[in-house]
Amino acid sequence: MYVCKICEKRFYKVSLLIYHQRVHTGEMPYSCKTCGKSFRVGYYLKRHMKTHTGEKPYICDTCEKRFSNSSGLKKHMISHTGEKPYSCNTCGKSFVSSSYLKIHIIHTGEKPYASHTRTHTGERCHKKIHTGERPHSCQTCGKKFMQLCHLLRHTRIHTGEKPYPCATCGKRFNQSEILSVHMKTHTDHKPCICSICGKKFKAASPLMRHMRTHTGEKPYFCEKCGKKFAQHEHLLRHMKTHKC
């Protein structure tokens, strides 16, 4: 067995350990030459490329709708079967997709682990907040960090390293996340797709807001009258009616 030195997770293959360690380091060595988006694993890049080529080799046997990847087809098939395989561990409510379950968990505040985090790895990281443990130190300025990936990202401030270049204009960035945001200024590419109606979005956050139109979730409520809203800006607009 191969053990991760940071979170102690175990793997039966060294290649799986290497892929996993990129979660901690933030390394994303596989980049799309079309839009600049980076990935930790080569397979994810290969799957992503189909969004540019338009290739859709996976076909629904019921309605013949085509998909670029098997997971998209699998999610679609639930619309025919009525299956709801994703269940809330707290209330037992079932959902057709993991994204709906995620919205439900965020809305209800379900936190199944003792320190109120949603994963065992998250629990270990959360404990460091209480203990004050910061085992990763910057050799240049001495600043300490709880996680190795945060230290690696910080050291680029000192080195000036910007390993993530924009394939369109050549501008470089020290974080892959910043590059991904920048790339959206060059393209109308909308990789985040609603599994229910097919509407496309440039980022995950507007997709999550859109999903509430399907789920009916209203996580924002007025403390004065109790009225609930699906969008935060709608709550802010409503609050002005109480000030009049």
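This is a predicted model: local features need pLDDT of at least 70, side-chain atom pairs count only at pLDDT 80 or more; totals for chains, interfaces and linings use all residues.
Let me now step back to the protein in general. It has 244 residues, and 28% of them count as buried. Its secondary structure comes to nine helices and 16 strands. The accessible surface is about 16,400 Å², and carbon and sulfur atoms account for 53% of that surface. As for contacts with a separation of 6 or more, 14% of them are between residues 24 or more positions apart.

Is Cys-192 buried or exposed? Its relative accessible area is 17%, so Cys-192 is buried. Apart from residues up to four places away in sequence, Cys-192 touches Lys-199, Lys-200, Phe-201, Lys-202, Ala-203, Ala-204 and Leu-207. Pro-206 lies 14 residues from Cys-192 in sequence, and the two C-alpha atoms are 9.0 Å apart in space.

My next residue is Arg-156, which belongs to helix 6, residues 148–159. Arg-156 is buried, yet it has no salt bridge. Which side chain of opposite charge is nearest to Arg-156? That side chain is Glu-161, at 4.2 Å. What the side chain of Arg-156 does reach is the backbone oxygen of Asn-174, at 2.5 Å. With residues up to four places away in sequence left out, Arg-156 touches Glu-161, Pro-163, Tyr-164, Asn-174 and Gln-175.

Let us move to the surface. Tyr-2, Val-14, Ile-18 and Tyr-19 form a nonpolar patch there, and together they have about 340 Å² of accessible area. Which helix gives the most to the nonpolar patch? The answer is helix 1, residues 14–25, with three residues. Ile-18 lies in helix 1, and Tyr-19 has its place in helix 1 as well. Ile-18 is partly exposed because its relative accessible area is 40%. Tyr-19 is also partly exposed, since its relative accessible area is 33%. Tyr-19 can be related to another part of the chain too: Gly-42 is 23 residues away in sequence, and the C-alpha atoms of the two are 9.9 Å apart in space.

Helix 2 covers residues 42–53, and Met-49 is found in it. Met-49 counts as partly exposed because its relative accessibility is 28%. Which residues is Met-49 in contact with, leaving aside its neighbours within four places in sequence? They are Cys-32 and Thr-34. Met-49 and Cys-32 are 17 residues apart along the chain, and 7.2 Å separates their C-alpha atoms.

Glu-64 has a positive phi of about 70 degrees, although it is not a glycine. Why is that worth a remark? Most residues other than glycine have a negative phi. Glu-64 is exposed, because its relative accessible area is 61%.

To close, I shall return to three of these residues. Met-49 is partly exposed at 28%. Glu-64 is exposed at 61%. Thank you for your attention.

Notes: Residues are numbered from 1 along each chain as its sequence is written. Side-chain values use heavy atoms; hydrogens and water are left out. Helices (H or I, at least four residues) and strands (E, at least two) are DSSP runs, numbered from the N terminus. Buried means under 20% relative accessible area, exposed over 50%, partly exposed in between (1.4 Å probe, protein chains only). Lys and Arg count as positive and Asp and Glu as negative; His and the chain ends are not counted. A salt bridge is a side-chain nitrogen of Lys or Arg within 4 Å of a carboxyl oxygen of Asp or Glu. A polar contact is a pair of N or O atoms within 3.5 Å; within protein, one must be able to donate a hydrogen and the other to accept it, and residues adjacent in sequence count only if both atoms are side-chain atoms. Contact means heavy atoms within 4.5 Å. Patches are made of residues with over 30% relative accessible area and no salt bridge: like charges are joined within 9 Å, nonpolar side chains (Val, Leu, Ile, Met, Phe, Trp, Tyr) within 5 Å. Accessible areas come from the Shrake-Rupley method with a 1.4 Å probe; for residues, only the protein chains shown count as cover.
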